[in-house]
Structure formats: C-alpha cells, structure tokens
Amino acid sequence: MNKNKLAIVGATGLVGQTILKVLEEKKLPIEEYAFFASSRSAGKKIHFLEKEYTVQELTTNSFDEGFTYAIFSAGGEVAKKYAPIAAAKGCIVIDNSSAFRMDGDVPLVVPEVNPGEISNHQGIIANPNCSTIQAVVALKPLDTKYHIKRIVYSTYQAVSGAGYKGVLDFQNGITHYPSTSYNLAKFPSPIFNNCLPHIDIFLENGYTKEEEKMINETRKILKKPDLAITATTVRVPVLNSHSESINVEFEKDFELSELKEVLQKAPGIVVKDDSYNEMYPTTLDSNDKDEVFVGRIRRDFSVNSGVNLWVVADNLRKGAASNAVQILEKLL
Ligand code: A2P
C-alpha cells in the first residue's frame with residue numbers, strides 16, 4: 001500500500017502551528033510529513049511527533065516528491081499559485097484561504113454540516129472562513145428543522161484571526177498603553193482598548209470582504225443561493241476565539257425548548273445556556289476546544305418566527321486548523 005505523505009504549507013504561521021498541534025493530538029495514519037513556508041523561514045527547525053524537521057522554502061518543485069495530501073495555510077496568493085501545481089501532481093489540497101472557496105468545482109466543507117461534498121473534489125477542497133464555520137455548525141440543524149428565511153450576523157472577532165502580526169499589534173497596544181503612537185504591523189488603527197468594524201478590505205458596496213465572505217459562504221454551504229443574509233464583522237481586543245450574535249428568522253414556527261434540544265443533539269455543538277445562573281459561552285470557554293459553543297438562546301419577539309443566538313468558537317482550531325484536519329480525517 002502507498003504511504004500517506006502530508007505537506008503543511010504555511011507551517012510557521014499561527015494557523016500552521018495550530019495544525020501541527022491538532023495533528024499531534026489526533027495521531028492520524030500518515031507516514032511522512034514535510035513543512036513549507038517562505039524563504040524567510042527556510043532552515044528553521046520544527047519539533048513534531050518526537051522528531052525534528054527542517055522548514056523548507058515553498059517552490060514550484062516542492063510537490064515533485066509525490067505528496068498524498070497538503071494543508072495550505074499561507075494566504076490566498078500562495079494558494080492560487082501553488083495549490084493547482086500540487087493538485088496537478090496528484091496531491092489533494094485542503095486550502096484555508098479564500099482563493100477557491102466560491103469556485104463551482106471546489107467543495108467548501110464543514111465536516112459536521114456537509115461531509116458529503118468532500119467526494120466531489122477535483123484536487124482542491126476549501127476550508128471556509130473562520131466566522132462562517134462556527135456559524136453554519138449552529139445554523140445547519142436549525143435550517144434542516146425550521147428552514148431559515150433570513151440571517152443577521154454581528155461578529156466580535158479575535159486578533160489571532162489576523163495572524164502573528166495581528167497578535168503583535170494587540171500586545172504592543174498593551175505594552176504602550178495609554179499611548180497609541182506605536183508602529184502597527186497589521187491593523188489600520190490600534191486594536192487594544194478599541195473595536196474596529198473593519199475586517200479585510202472594503203468593497204464598493206460599503207461592506208467589507210469578511211462580511212461578503214460570511215454571506216456567500218453561508219449560502220454555498222447551506223445550498224441556499226438566494227438566502228437573505230446581512231453581516232457586520234468587528235475586530236475586538238480579544239486574543240483568541242470569535243464570538244457572534246446571530247439573529248435568525250425561520251419559515252416554520254418553533255418551540256424554544258425544542259429548538260434548544262435540536263442544538264443539543266447536533267454534532268460539534270455544546271449548548272451553554274442558563275441565564276438564570278448567568279451561564280453563557282465566552283471566548284475563554286472555547287479556547288483550545290474544537291466544539292462550537294451556543295448560548296443566550298432566546299426568541300426574537302419582533303418577528304413571527306425568529307431566534308437570537310450567541311455562538312463562540314476557537315477561530316484557530318474549529319475556525320481553521322481543526323476543521324482542515326477533520327476534512328483530512330474524512331479523506332483518510
Ligand atoms: P513565513 O513564516 O516564512 O513568513 P500568519 O498568517 O500567521 O502570518 O502565517 C502565514 C504563513 O504563510 C507563514 O507560515 C508564512 O511563512 C507563510 N507564507 C507567507 N508567504 C509565503 C510564501 N510566499 N510562500 C510560502 N509560505 C508563505
């Protein structure tokens with residue numbers, strides 16, 4: 001039998017490092033690993049599963065040695081250039097960037113939601129945006145039961161979602177507080193002691209690209225191309241784990257107790273919802289976990305059949321690394 005060989009592209013990044021951690025926990029049947037990054041990191045050492053590996057510079061020849069799988073987490077430009085090269089050489093690529101997510105022939109997969117899509121791949125499988133992943137894990141079981149009519153997303157996103165440079169801006173903000181005059185590596189304004197309603201670039205229609213991603217990716221994953229969705233995505237001074245307020249309107253009516261039961265029974269969800277005892281999910285609850293936490297579940301009295309949810313997940317794990325590794329597990 002052929003050996004399973006896995007390449008990690010972007011192995012030195014925040015998501016890349018989290019992928020390594022998740023892989024160490026899972027102990028998958030993979031015989032060989034290789035780690036790639038930019039020329040800046042070539043030669044760096046990585047300790048992984050009790051062995052020492054050397055980070056290699058990613059080049060157009062990197063996939064010549066015949067990898068079975070690759071997980072890319074090095075941004076859209078790297079993915080656009082190198083993922084097709086890897087796929088052409090028979091490697092199945094799971095890509096974390098937004099480069100291929102909306103391509104018609106690329107499955108966009110959250111294993112709890114649409115695992116059946118994986119088998120439709122033609123060499124590349126896309127991992128959705130971090131904010132989309134946690135939202136659809138919570139929304140899919142509700143859509144199946146009550147048929148979603150409209151969604152309003154408001155997000156509170158951690159700085160780790162912006163990679164090492166985002167974390168650096170946050171830490172520099174703490175160090176220099178109360179001064180706000182220090183060099184910013186990632187964000188357009190200081191993020192410490194601040195909230196920025198601005199994630200990714202602005203589009204002509206006034207939305208940000210992050211908001212557009214949440215709208216389009218939700219429609220694709222739920223297979224509802226015309227679903228009414230609006231979104232406001234906000235970067236908040238939290239180190240890790242994204243929180244989302246999700247307002248949902250359904251076609252069908254629901255009993256609140258039954259809706260909570262649907263969420264409790266759904267895969268990958270932990271319901272933490274006991275307002276009487278002031279119990280609800282926070283970012284600290286979800287750090288280092290793979291589940292999506294749901295709470296503050298309450299009826300929206302302003303419409304016929306609506307609910308408000310508070311949805312929290314570790315954006316580096318379920319929002320990126322763990323979701324990609326779960327896709328790999330399904331492939332294996
Ligand atoms: P490097 O560490 O060499 O810059 P983050 O999102 O945390 O900033 O991580 C981005 C990841 O993508 C890093 O591992 C980074 O490597 C990698 N990367 C960035 N540009 C390239 C490139 N041109 N080729 C390969 N890897 C890249």
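Two strands pair if DSSP finds at least two bridges between them.

Now, this is a predicted model, so local features need pLDDT of at least 70, side-chain atom pairs count only at pLDDT 80 or more, and totals for chains, interfaces and linings use all residues. Residues are numbered from 1 along each chain as its sequence is written, and side-chain values use heavy atoms, with hydrogens and water left out.

Let's start with the sheet. There are 6 strands in an open sheet, with parallel pairing, and the order reads E5-E2-E1-E6-E7-E8. Which strands stand at the edges? Those are E5 (56–57) and E8 (124–126); each has a single partner strand, so one side of each has no neighbour in the sheet. Further in, E6 (residues 69–72) and E7 (residues 92–95) run parallel, joined by 4 bridges. Within that pair, Tyr-69 sits opposite Ile-92 in E7.

On to the ligand. It has 15 residues around it, and Thr-12, Leu-14, Ser-38, Arg-40 and Ser-41 come nearest (near means a heavy atom within 4 Å). The shell splits into 7 nonpolar, 7 polar and 1 charged; Gly counts as polar here, and Tyr as nonpolar.

What about polar contacts, meaning pairs of N or O atoms within 3.5 Å? A ligand oxygen is 2.6 Å from a side-chain N or O atom of Ser-38. Taken alone, the ligand exposes 580 Å², and the protein buries 70% of that (Shrake-Rupley method, 1.4 Å probe).

Definitions and conventions: A polar contact is a pair of N or O atoms within 3.5 Å; within protein, one must be able to donate a hydrogen and the other to accept it, and residues adjacent in sequence count only if both atoms are side-chain atoms. Helices (H or I, at least four residues) and strands (E, at least two) are DSSP runs, numbered from the N terminus.
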